[in-house]
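Subject: Handing over the structure

Hello,

Here is the structure I promised to pass on. Please have a look, and then read on for what turned up in it.

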Amino acid sequence: MEKRTLRKVTLRLIPFIIAMYFINYLDRTNLGIAGPGGMNEDLAMTATQFGFAAGIFFFGYLLLEVPSNLALHKFGARIWLARILISWGIVAAAMAFVPSHGWLYVLRFLLGVAEAGFFPGIILYLTYWFPSSMRARATALFMLAIPLSSVIGSPLSSWLISSGDSVFADFAGWRFMFIIEGVPAILLGIMCIFYLTDRPRDAKWLTPEERNWLQSRMDAEEKGKSDTFHYPVRRTLLQPRVWALSFVYFGMVYGLYALSFFLPTIISGFQETFGVEYSIIEIGFITAIPFVFGAFAMYFWSRHGDKTNERVWHVAIPLFIGGVTIPIALYLSSPFTTMIAVTITCMAICAALPTFWPLPQTFLAGAGAAAGLALINSLGNSAGFFAPYITGGLAELTGTQNAGMWVVGAAMVAAGIVTLILKAAPAPDKVNQEETK
């Protein structure tokens, strides 16, 4: 019963969720391809301005993640995710028409407002369908969209820019790319309304026995966490452990977005540093290489975490490895050795991401989980502002990417240390004593 039911759930939900997150991640990071693909020149943007445009997206995230996730918990994933997808698709496509970097700032901020709640909403949605023993693997399957969006999305974005430049005389290729990559979000949003199911009890595509078994299993896990760890919404939002986990997530997201936004620029810099020449399409393909290996690391490392039921070291070890390899990468003597170090960093980040989310899920349940997961994601994703802005600012100040990558490494190592200090979950007896007091 368990294998049959979870196989049906996986085949029904995960491919559609991957498609949604693929477009989501592509729409928020395709700026990294657009920048060196002509946008920075057309809008007269400096490295710092580009970093600010990349990062201001996350202000909207920070403001609206928690209320958005609480709305999803109240109204259901089907309707709320559809609202998110349709609104972000409209804004993403509208970025094709910005006349200046000031308008780009405005639309990037609105893109964050539109997308707020999507990622933690999906993480929360998975807790409705997958038992804790399979949670890291389910999260990894969903998050495979991150490396896939770079493996497929970077060459695709580069090709769209190149094609747009050659086809439209008065319409830049990067503008063409924004339109083409924004429309799928609108279409997927419409599909959401008819395809997704809010809870196992509503799944007509399962047999009555499968529905009852899965809903009973998930209800029992939810009740177990609620009875052991008493974290309603208010207490969750004020809990130091939740804020510490936000810092851990900040460290790994700092590394992720520094790579996502600046790897194409770093590879483009090989031309001056090592005397090689790459077209915009070649830069897109080279950018994809680390994320191919990252996809394998993400799946197999999370699978090992579920198999051993060990969570802390499965987060800390990749953070330490990535924190060491990313600053070293820029001191190596050839594009090949540099890309090896960058690939190891990417694998480390991708391995840490899905194994992180079972940590807060060990003690958060119900509305507390909706609020806590959203708070962790919003505070952690503030790195999406700081990483490109600081990295771009340091690059402009020093003339190289080296200083920025040292900051990335330090953030990841610090996150690994905090993970070890926190351990997996608070002691139940201590929580109950605090609640009694």
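Let me start with the largest cavity, where α1 (2-29), α2, α9 (145-151), α10 (153-167), α14 and α15 (280-308) each give at least two residues to the lining. Helices here are DSSP runs of H or I with at least four residues, and strands are runs of E with at least two, numbered from the N terminus. This is a predicted model, in which local features need pLDDT of at least 70 and side-chain atom pairs count only at pLDDT 80 or more, while totals for chains, interfaces and linings use all residues. Residues are numbered from 1 along each chain as its sequence is written, and side-chain values use heavy atoms, with hydrogens and water left out.

The helix that gives the most to this cavity's lining is α14, with four residues. The space inside is about 120 Å³, and T29, I33, S150, S154 and S260 are the closest to the centre among the 17 lining residues. A cavity is a set of points on a 1 Å grid over the protein atoms alone where a 1.4 Å probe fits but cannot get out; a pocket is an open set with protein on both sides within 12 Å along at least five of seven lines; lining residues have an atom within 4 Å of a point. Grid points are joined across faces, edges and corners, and a volume is the space filled by probe spheres set on the points.

Now for the largest pocket, at about 570 Å³. Its lining has 25 residues, with T265, I266, G269, T400 and Q401 nearest the centre. Here too α14 stands out, supplying the largest share with nine residues. Domain 1 (12-212) and domain 2 (231-422) both contribute to the lining, so the pocket lies between them; the domain bounds come from an automatic or database domain assignment.

Finally, the rings. There are 22 aromatic pairs, meaning rings of Phe, Tyr and Trp (its six-membered ring) with centres within 6.5 Å, called stacked with planes under 30 degrees apart, edge-to-face over 60 and tilted otherwise. One of them joins Y125 and Y128, edge-to-face at 6.4 Å centre to centre with 80° between the planes. Both lie in α7 (residues 118-129), three residues apart. R199 lies over the face of Y128, 3.5 Å from the ring centre; this requires NZ of Lys or CZ of Arg within 6 Å of the centre and within 35 degrees of the ring normal.

Enjoy exploring!

Best wishes
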